[in-house]
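Visitor: Could you take me closely through one part of this model, namely the strands that follow one another through hairpins?

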Amino acid sequence: MADLIDCSNFILDFTVRKFLNVGLDPADEFNTIVQVITPSRFVNVPFDFLRRIFSLLGNILSFILDLPQKYKRNLFLETEIISLSSMVYKGENMLVVESKTQAEC
């Protein structure tokens, strides 16, 4: 996990330890990075990937608000470094952000 400059921290769910950090990454030419952090893993989401996600918000919201269906997995967006897909976990629709450059993230 990178040390970010001028970092802002946000708590998504304190009970299950889900957080967001937003800041400038000195290891990546000071580009803006969003870190999604959970107890078992983390993923760095580049700003340009977030910009691309905004065009998919209608599809993403439709999935989240839909009734959970077992074994239904949607791939919303994929690049050479990160992917955004969906899955059902514990009976709820979840978004999955996966790093393709860091194992287990």
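Guide: Confidence comes first: pLDDT is the predictor's confidence in each residue, from 0 to 100, while helices (H or I, at least four residues) and strands (E, at least two) are DSSP runs numbered from the N terminus. In the protein chain, strand E4 (residues 42–46) has the lowest mean pLDDT among the elements, 83, and strand E5 (residues 75–78) has the highest, 89. The chain as a whole averages 84, with 98% of its residues scoring at least 70. This is a predicted model, in which local features need pLDDT of at least 70 and side-chain atom pairs count only at pLDDT 80 or more, whereas totals for chains, interfaces and linings use all residues. Residues are numbered from 1 along each chain as its sequence is written, and side-chain values use heavy atoms, with hydrogens and water left out.

Turning to the strands, where two count as paired if DSSP finds at least two bridges between them, E1 (residues 5–13) runs antiparallel to E2 (residues 18–25) over six bridges, and Ser8 has Val22 of E2 as its bridge partner. Four residues lie between these strands in their hairpin, where Arg17 takes a positive phi near 60 degrees. E2 in turn pairs with E3 (residues 31–37), again in the antiparallel sense, over seven bridges, with Asp25 opposite Asn31 of E3. The hairpin of E2 and E3 has five residues between the strands, and here Glu29 adopts a positive phi near 55 degrees. Finally, E3 and E4 run antiparallel and are joined by five bridges, Ile33 stands opposite Pro46 of E4, and the hairpin connecting E3 to E4 passes through four residues.
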